[in-house]
Amino acid sequence: MDRMRRLRMNETLRDMVRENHVRVDELIYPVFVAEGENICHPVESMPGICQYSIDRLPEELDRTVDAGVRAVLLFGIPAHKDEVGSGAYDDDGIIPRAIRMIRERYEDLLVIADVCLCEYTSHGHCGLVRDGEILNDETLPLLAEASVVYARAGADIIAPSDMMDKRIGAIRTALDKEGFQNIPILSYAAKFASGYYGPFRDAAHSAPGFGDRRTYQMDPANGREALREVKQDLAEGADMVIAKPALAYMDVMREIVNHYNVPVVAYNVSGEYAMVKAATANGWVDEKKIVMENLLGFKRAGAGMIITYHALDAARWLREEER
Ligand code: PBG
Ligand code: ZN
């Protein structure tokens, strides 16, 4: 008779039959870079996470590299916002300058540049706005321009998070035209209109000034529709796709993995991080246990890479386990 417990009887056996693993190589650490000097400003709703000015960013990047984490995802907080999000595609903007600094000092760190307008627009939407409507096609050249500017500054991967239709094609065409055929596009393809982005919007000062993002981000009820988003983005030239948020959408992750042969990336978002931190601070959960369990869940759902604010802690815990 099958006795399931036979293979659980000791640590060695459990280690040997383990189906999934979290690897440090697959972790991506999101970093907030702010305009200004000598800034290391804690994000209240994300304990342990700070905004850094470029001069102090190396402190955090040193910790990243020391932890063994090899990739960062950059978000910018500009000094000034305007209607058209100029700071997003200004060659002298916060992100291109941060990228150039990283390129000079951290040769091996993989730099992924998030591309969106919402941190840079006065209205806080991810696209241009006219008469209260978020414009699609008019936004595309700006996203393409930002992508080229970041690639020129030295970004390794371009990651558009705006959810405008046809942006991948527009960005791919622009990158190729400028000689960046080898820069991959990591598309936020299945990005849902989620309450879990709240803390991020505090961190990036990117909350929409009116309305919400439901005319461009996906309805949380729609799993099958996510496959159409992915199909389109891949047809337009995306190299990898993100499912986001991660915890409440692991079914979507799994469906994408089953349908398409590209790397699927889980974005363990700010609200998910905040909940873990809050429960931990209250002594209600064991942080290490539930973080590693969440990350393992993404792997079980078929994700390859994982974008997570827990990256440095997780890397440390994984290293400790090796010893
Ligand atoms: C902006 C952007 C958001 C996130 C990544 N890029 C927020 C949003 O769409 O409102 C969310 C990340 C997180 O919550 O950790 N386009
Ligand atoms: Zn945005």
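Helices (H or I, at least four residues) and strands (E, at least two residues) are DSSP runs, numbered from the N terminus. In this structure helix 10 gives the largest share of the lining of the largest pocket, six residues. The model is predicted, so local features need pLDDT of at least 70 and side-chain atom pairs count only at pLDDT 80 or more, while totals for chains, interfaces and linings use all residues. Residues are numbered from 1 along each chain as its sequence is written, chains are lettered from A and ligands numbered from 1 in the order in which they are written, and side-chain values use heavy atoms, with hydrogens and water left out.

**The largest pocket**

On a 1 Å grid over the protein atoms alone, a pocket is an open set of points with protein on both sides within 12 Å along at least five of seven lines, a cavity is a set of points where a 1.4 Å probe fits but cannot get out, and lining residues have an atom within 4 Å of a point. Grid points are joined across faces, edges and corners, and a volume is the space filled by probe spheres set on the points.

The largest pocket has a volume of about 1000 Å³. It is lined by 27 residues, and Arg 18, Asn 20, His 21, Leu 296 and Glu 321 are the closest to its centre. Two or more lining residues come from each of helix 1 (11–17), helix 10 (287–300) and helix 11 (311–322). Residues are classed as nonpolar (Ala, Val, Leu, Ile, Met, Phe, Trp, Tyr, Cys and Pro), charged (Asp, Glu, Lys and Arg) or polar (the others, Gly among them). By these classes the pocket lining has ten nonpolar, three polar and 14 charged residues.

The C-alpha atom of Gly 302 is 9.7 Å from that of Asp 251, although the two residues are 51 apart along the chain.

**The largest cavity**

The structure holds three cavities of 30 Å³ or more. The largest cavity has about 160 Å³ of space. Among its 19 lining residues, Ser 161, Lys 191, Tyr 197, Phe 200 and Lys 244 lie nearest the centre. Strand 9 (186–191) and helix 6 (198–204) each give two or more residues to this lining. By class, the cavity lining has nine nonpolar, four polar and six charged residues.

Buried means under 20% relative accessible area, exposed means over 50%, and partly exposed lies in between (1.4 Å probe, protein chains only). In strand 9, six of its six residues are buried. Two strands pair if DSSP finds at least two bridges between them. Strand 9 and strand 10 (residues 240–244) run parallel and are joined by four bridges. Ala 190 has Ala 243 in strand 10 as its bridge partner.

**Backbone features**

Most residues other than glycine have a negative phi, and most peptide bonds are trans. The peptide bond from Lys 244 to Pro 245 is cis, with omega near -10°. Pro 245 lies in the loop between strand 10 and helix 8 (250–259).

Met 163 is not glycine, yet its phi is positive, near 70°. Met 163 sits in the loop between strand 8 (157–160) and helix 5 (167–177). Another positive phi in a residue other than glycine is that of His 205, near 50°. His 205 is found in the loop between helix 6 and helix 7 (224–236).

**The zinc site**

Donors are N, O and S atoms within 2.8 Å of the metal (3.2 Å for Na, K and Ca); water is not among the atoms, so sites may look incomplete. The protein donors of the zinc ion (ligand 2) are Cys 116 (SG), Cys 118 (SG) and Cys 126 (SG), at 2.2 to 2.3 Å from the ion. Their spacing in sequence is C-x1-C-x7-C. Four donors count as tetrahedral if all angles lie between 85 and 135 degrees. The angles among the four donor atoms of the zinc ion (ligand 2) are 100 to 121°, and the site is tetrahedral.

Strand 5 (residues 110–115) has five of its six residues buried. Four bridges join strand 5 to strand 4 (residues 71–77), and the two run parallel. Ile 112 in strand 5 is the bridge partner of Leu 73.

**Accessibility of single residues**

| Residue | Relative accessibility | Class |
|---|---|---|
| Cys 116 | 2% | buried |
| Cys 118 | 6% | buried |
| Met 163 | 4% | buried |
| His 205 | 44% | partly exposed |
| Gly 302 | 23% | partly exposed |

Methods:
Four donors count as tetrahedral if all angles lie between 85 and 135 degrees; four count as square planar and six as octahedral if opposite donors are over 155 degrees apart and all others between 65 and 115; anything else is irregular.
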